[in-house]
Amino acid sequence: MAVTDEVDAALAAGRPVVALESTIISHGMPYPDNVAMALEVEAIVREAGAVPATIAVLGGVPRIGLSPDDLELLASDANVAKVSVRDLPYVVARGAHGATTVAATMRLAALAGIDVFVTGGLGGVHRGAAESFDVSADLGELATTPVTVVSAGVKSILDIGLTLELLETNSVPVLVHGSDEFPSFYSRSSGFAAPARVDSAAEVAAAMTAARALGLTSGIVVANPIPVADEIPAAEIGAVIDRALADLEALGIGGKEVTPYLLSRIVELTDGASLVANVALVRDNARFGAAIAVAHAR
Ligand code: PSU
Ligand code: MN
């Protein structure tokens, strides 16, 4: 792995560091909004007193901390593969470029010694998984890798109930920030109760310390609901998601292409409104995640 001097120095001194993923850049948002988002999120983390470490594989080298030029490449180069954990060995062996998913970013963050990671949305159990077996490797990684992942919950392109069940089965703590309901990415509501509620970054940091002391080896899910002002009502986005899922089925798309297709189709169907909400929630997650890293470093 190649860790930047800035990240390396912060980790050595016990100062707060926040990992950021790159699939959201290369396969989660259109250009140039994606690179603008990536740069802005790094700035938000810095303003909050932590060091950002965006993670990707470039030329076969897992990189912890990226330059603005690296972010531009990830945002605009069509040859950047979507890389989950199982794809890491192949991309490294080939010397290729890869944008890391939540699962792969968690794995590399843990290897580098970073324990807080900010993203937009988690992968989970897809709707119809009883037939398709489509369950994101993000859930397997959360079960086994001790990194705290801050997201805005799980989109209803997934089966939220089954995703929460699998997290419970795998003993992954799920903490919802400032709400009694688990959020569904674009909306603060999902119809599912928060498994546990926290009201401050310090509370999350205390749970991280307790998890480590208790010998838990899993990750921790922190679900930070989208700010009220940026929310898209569940009913409105629900109809769009149903349409995107129908289009997915008609096109016969499967495997790792499913999530990128649905995300870009939802942007099209909402005329960009979903993208505005997506960027807004990532910003808010960056603020809260940085606050967790600062509290934990203390
Ligand atoms: N959900 C989003 N935006 C994203 C992703 C999920 O709202 O960019 C990305 C993340 O990188 C996540 C991955 O880890 O999709 C999950 O892909 P899959 O469902 O193929 O495991
Ligand atoms: Mn899948």
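Helix H11 gives the most to the lining of the second largest pocket, with 4 residues. This pocket belongs to a predicted model, and about 300 Å³ of space lies within the pocket. Its lining is made up of 16 residues, of which Arg-127, Ser-132, Leu-245, Leu-248 and Glu-249 are the closest to the centre. Two elements, helix H11 (234-251) and H12, each give two or more residues to this lining. Sorted by class, the lining of the second largest pocket has 7 nonpolar, 6 polar and 3 charged residues.

The largest pocket comes next, with about 690 Å³ of space. Here 34 residues form the lining, and those closest to the centre are Lys-82, Thr-101, Ser-136, Asp-138 and Thr-259. Helix H2 (23-26), helix H8 (137-144) and helix H12 (258-269) are the elements that give two or more residues to the lining of the largest pocket. Among these, H12 gives the most, with 4 residues. The classes in the lining of the largest pocket are 15 polar, 11 nonpolar and 8 charged residues.

Helix H3 (residues 33-47) packs against helix H13 (residues 273-297) at an angle of about 20°, and the two axes lie 9 Å apart. H3 is therefore roughly parallel to H13, since angles under 35 degrees count as such. The crossing of H3 past H13 is right-handed. On the H3 side, the contact is made by Asp-33, Met-37, Glu-40, Val-41, Ile-44 and Val-45; H13 brings Leu-275, Val-279, Val-282, Arg-283, Ala-286, Arg-287 and Ala-290. By class, the contact between H3 and H13 has 9 nonpolar and 4 charged residues, with no polar ones.

Methods
Residues numbered from 1 in each chain as written. Chains lettered and ligands numbered in written order. Predicted model: local features only at pLDDT ≥ 70, side-chain atom pairs only at ≥ 80, totals over all residues. Heavy atoms only, no water. Axes fitted to C-alpha atoms, helices over the stretch in contact; angles between N-to-C directions. Parallel < 35°, antiparallel > 145°, perpendicular 65-115°, else oblique. Left-handed = near helix turned anticlockwise from the far one by under 90°. Contact = heavy atoms within 4.5 Å. Nonpolar A, V, L, I, M, F, W, Y, C, P; charged D, E, K, R; others polar. 1 Å grid on protein atoms, 1.4 Å probe; cavity = no way out; pocket = protein on both sides within 12 Å on 5 of 7 lines; lining within 4 Å. Points joined across faces, edges and corners; volume = space filled by probe spheres on them.
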